[in-house]
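Here are a few notes to read alongside the picture. Keep the structure open and look for each residue as you go.

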Amino acid sequence: MRYGRRWRLAFATTGLVIVTPAAAGERLAGAQSRPGTSVRSAGSPAAAGSTARLETTRIDAIRCQAREAAPASPPALRWRGTTVRWAEWPVRLGAEGVRNRIIVAVVDPARVTLTLEIARAGNALGPWTIEEAPPDAILAFNAGQFTDAGPWGWVRHRGRDRAAPGAGALAGAFAVDTAGRPAILPAHTLPAATLDARWEEAVQSYPQLLVSGLPVPALCAGTDLDRAHRDARLVIGLRRDGMLLVLLSRYADAGSGLTRAVERVPIGPTTPEMAEIALRLGATEALMLDGGLSAQLRIGRGEETSRWPGLRAVPLAIVARPR
């Protein structure tokens with residue numbers, strides 16, 4: 001299944017400018033950096049209204065040098081939900097003050113079962129969107145990087161490897177062990193991790209942002225990582241207390257007044273700004289998932305569902321079901 005080609009045909013009637021997926025190497029070098037234009041169909045109007053009354057936070061790139069003072073305090077947010085608690089955080093990014101909303105989802109892994117969803121169409125890989133999430137899922141979002149042929153990098157599902165690790169110094173993995181405990185594994189640990197039977201589910205992605213509460217050195221200098229590009233972002237993280245974080249950025253600078261039409265324009269945090277956002281929200285470990293036009297998130301089920309769709313189907317997702 002060629003995801004880029006299918007996506008282009010599916011949206012050809014909208015008159016949008018379409019960007020197809022790049023090869024894995026191009027995706028890694030650009031750190032999910034493919035700008036484009038798109039339209040919005042997202043969370044409830046009530047959510048947007050409550051966000052407008054929150055104080056907007058200025059976000060700059062994460063500081064790489066030793067901090068002389070304690071990190072900035074976490075934002076005061078208006079939380080919703082029960083098992084999955086979520087909120088929207090209005091931010092202004094960098095010197096330009098680009099307006100974004102960060103969708104923040106928090107869940108205790110002890111209360112859910114975390115698994116991969118590999119989309120199938122008969123015997124072949126099929127396209128996945130949040131509309132294909134299982135009805136009992138209370139959290140669903142797209143997972144790692146992919147090429148036209150399918151997922152890129154290490155994929156393990158139900159204890160069986162489906163794809164081998166890809167190369168990349170920042171290409172870590174999100175993994176879940178047989179007891180249901182999640183972890184974010186740095187790239188250098190993956191050769192050993194693939195031999196470890198305790199990992200039940202795993203998906204590799206790029207780049208890792210935080211390790212032990214500190215930014216990875218490559219966010220500061222010395223690699224080909226694009227540190228200035230703005231894009232829609234999706235991040236998975238772990239807090240010191242073991243809670244799982246899922247963060248999705250949405251463009252909010254609707255100068256034309258067409259808020260619902262512009263929200264999914266992929267203009268969002270730079271990679272160092274996204275690391276700062278994850279840190280302020282309490283993450284000690286954080287890994288970027290596939291953002292840009294693929295970024296999509298669903299929280300809740302039934303009448304309590306909130307959706308932030310993407311504009312590209314993907315082959316792989318992460319879902320959480322109540323235990």
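**Notes on the cores and a sheet**

1. Start with the inside of this predicted model. Its largest nonpolar core has 37 residues, and those with the most contacts inside it are Trp89, Val104, Leu209, Leu210, Leu247, Ile277 and Leu281.

2. Which elements give two or more residues to this core? They are β2 (84-93), β3 (98-107), β15 (208-211), β18 (244-251), α6 (271-280) and β19 (283-288). The top giver is α6, with five residues.

3. Now zoom in on Leu210. Leaving out residues up to four places away in sequence, Leu210 touches Ile62, Pro215, Val216, Ala275, Ala278, Leu279, Ala283, Thr284, Glu285 and Ala286.

4. Another core, of 34 residues, lies apart from the largest one, and its members include Ile103, Leu116, Ala295 and Ala320.

5. Next, a sheet. Strands of a sheet pair through backbone hydrogen bonds, either parallel or antiparallel. Here you can trace an open sheet of five strands in the order β4-β22-β7-β20-β21, and the pairing is antiparallel.

6. Why is one side of β4 and of β21 left without a neighbour in the sheet? Both β4 (112-118) and β21 (306-308) stand at the edges and have a single partner strand each, so one side of each has no neighbour there. From one strand to the next, the twist averages 10 degrees.

7. Strands β7 (residues 139-142) and β22 (residues 316-322) run antiparallel and are joined by four bridges. To find one of them, look for Asn142, whose bridge partner in β22 is Ala317.

Note on methods: Residues are numbered from 1 along each chain as its sequence is written. This is a predicted model: local features need pLDDT of at least 70, side-chain atom pairs count only at pLDDT 80 or more; totals for chains, interfaces and linings use all residues. Side-chain values use heavy atoms; hydrogens and water are left out. A nonpolar core is a set of buried Ala, Val, Leu, Ile, Met, Phe, Trp, Tyr and Cys residues joined through side-chain atoms within 4.5 Å. Buried means under 20% relative accessible area, exposed over 50%, partly exposed in between (1.4 Å probe, protein chains only). Contact means heavy atoms within 4.5 Å. Two strands pair if DSSP finds at least two bridges between them. Axes are lines fitted to C-alpha atoms, for helices over the stretch in contact, and angles run from 0 to 180 degrees between N-to-C directions.
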